[in-house]
Structure formats: C-alpha cells, structure tokens
Amino acid sequence: LLENWLVENGIVLKMGTAVAELTFNKGRVVGAELKDGSTIEADTTVLSVPHHRVKDLFPAADVERDHSIPQLDYIETSPITSVHLWYDRPVMDH
C-alpha cells in the first residue's frame, strides 16, 4: 500500500483532521496548525485544496499585511477535459 510505503520512508500522515492555518517562517511554509488542535512541522508542503481555499490557510495578520494574498481569489480556473477516441481499425503506427 502507498500509505505503508510513505510511512516506511519517513513521511508523516495525519488522517481524519484538516489544516486550520499554515505556519510560516521568513515567507516559507514550515508547518501547520490542525483543526484538532495539534501542530506539525514540515520541510515540504503540498496544498491539495481548491485554489479558493488557499487564502483561508494564511494567518489573518498576513492576509491583511500582504496585499498579494487576496489576489488568490481571482485565479481563473479551467476544467480538465479529455477526449478518448476508439476506432474500429488501426489508424496510426504508434
């Protein structure tokens, strides 16, 4: 399982809780405060939330001080689309 591999390779998984707020040091994400009240430190962070939720993860004081953060609300989205074609005979040599 992927979960076992991640843990065996030093990855910390926190299941069943969500991030309340990111923790920053010199403009870099260094951890997070979780909604269950615990905190975690991080060397690397991957945000897997919709773009319109990212701003909510910044400390309120940072949002007020840094006027670029509210601009996250204006990121335009585009749906991911695919087209699968099934032919009744080969049409390419690839």
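Where does Phe 58 lie? In this predicted model, Phe 58 is found in the loop between α2 and α3. The C-alpha atoms of Phe 58 and Leu 47 are separated by 12 Å. Along the chain, these two residues are 11 residues apart. Phe 58 has a relative accessible area of 19%. The cut-off for a buried residue is under 20%, so Phe 58 counts as buried.

A pair of aromatic rings is described by the distance of the centres and the angle of the planes. The partners differ in cover. An open sheet of 3 strands has the order β1-β2-β3, and its pairing is antiparallel. The edge strands are β1 and β3 (39–41), each of which pairs on one side only. From one strand to the next, the twist averages 25°. Strand β1 covers residues 19–25, and strand β2 covers residues 28–34. These two strands pair over 6 bridges in the antiparallel sense. Strands β2 and β3 also run antiparallel, joined by 3 bridges. Glu 33 in β2 is the bridge partner of Glu 21. Glu 33 also stands opposite Thr 39 in β3.

Strands β1 and β2 form a hairpin with 2 residues between them. Lys 26 is in the turn, within the loop between β1 and β2. The phi of Lys 26 is near 55°, a positive value in a residue other than glycine. Is Lys 26 buried or exposed? The relative accessible area of Lys 26 is 82%. The cut-off for exposed is over 50%, so Lys 26 is exposed.

Charged contacts were examined next. A search of the whole structure finds 4 salt bridges. One of them joins Asp 73 to Lys 55, with the closest N and O atoms 2.8 Å apart. This pair links distant parts of the chain, its members being 18 residues apart. Asp 73 lies in the segment after α3, and Lys 55 lies in the loop between α2 and α3. Phe 58 is located in that loop, between α2 and α3. Asp 73 is partly exposed, with a relative accessible area of 38%. Lys 55 is also partly exposed, at 22%.

Another salt bridge brings together the side chains of Asp 62 and Arg 65, at 2.8 Å from N to O. Both residues belong to helix α3. Because they are 3 residues apart in α3, Asp 62 and Arg 65 are separated by about one helical turn. Their accessibilities fall in opposite classes. Asp 62 is buried, with a relative accessible area of 15%. Arg 65 is exposed, with a relative accessible area of 60%.

The side chains of Arg 89 and Asp 88 also meet in a salt bridge, at 2.4 Å from N to O. Arg 89 is exposed, at 56% relative accessibility. Asp 88 is exposed as well, at 68%.

Which residues form a nonpolar patch on the surface? The patch is made of Val 83, Leu 85, Tyr 87, Val 91 and Met 92. Together, these residues have about 590 Å² of accessible area. Met 92 lies in the segment after α3 (60–65). The relative accessibility of Met 92 is 59%. Exposed means over 50%, so Met 92 counts as exposed.

Definitions and conventions. Residues are numbered from 1 along each chain as its sequence is written. This is a predicted model: local features need pLDDT of at least 70, side-chain atom pairs count only at pLDDT 80 or more; totals for chains, interfaces and linings use all residues. Side-chain values use heavy atoms; hydrogens and water are left out. Two strands pair if DSSP finds at least two bridges between them. Helices (H or I, at least four residues) and strands (E, at least two) are DSSP runs, numbered from the N terminus. Patches are made of residues with over 30% relative accessible area and no salt bridge: like charges are joined within 9 Å, nonpolar side chains (Val, Leu, Ile, Met, Phe, Trp, Tyr) within 5 Å. Accessible areas come from the Shrake-Rupley method with a 1.4 Å probe; for residues, only the protein chains shown count as cover. Buried means under 20% relative accessible area, exposed over 50%, partly exposed in between (1.4 Å probe, protein chains only). Axes are lines fitted to C-alpha atoms, for helices over the stretch in contact, and angles run from 0 to 180 degrees between N-to-C directions.
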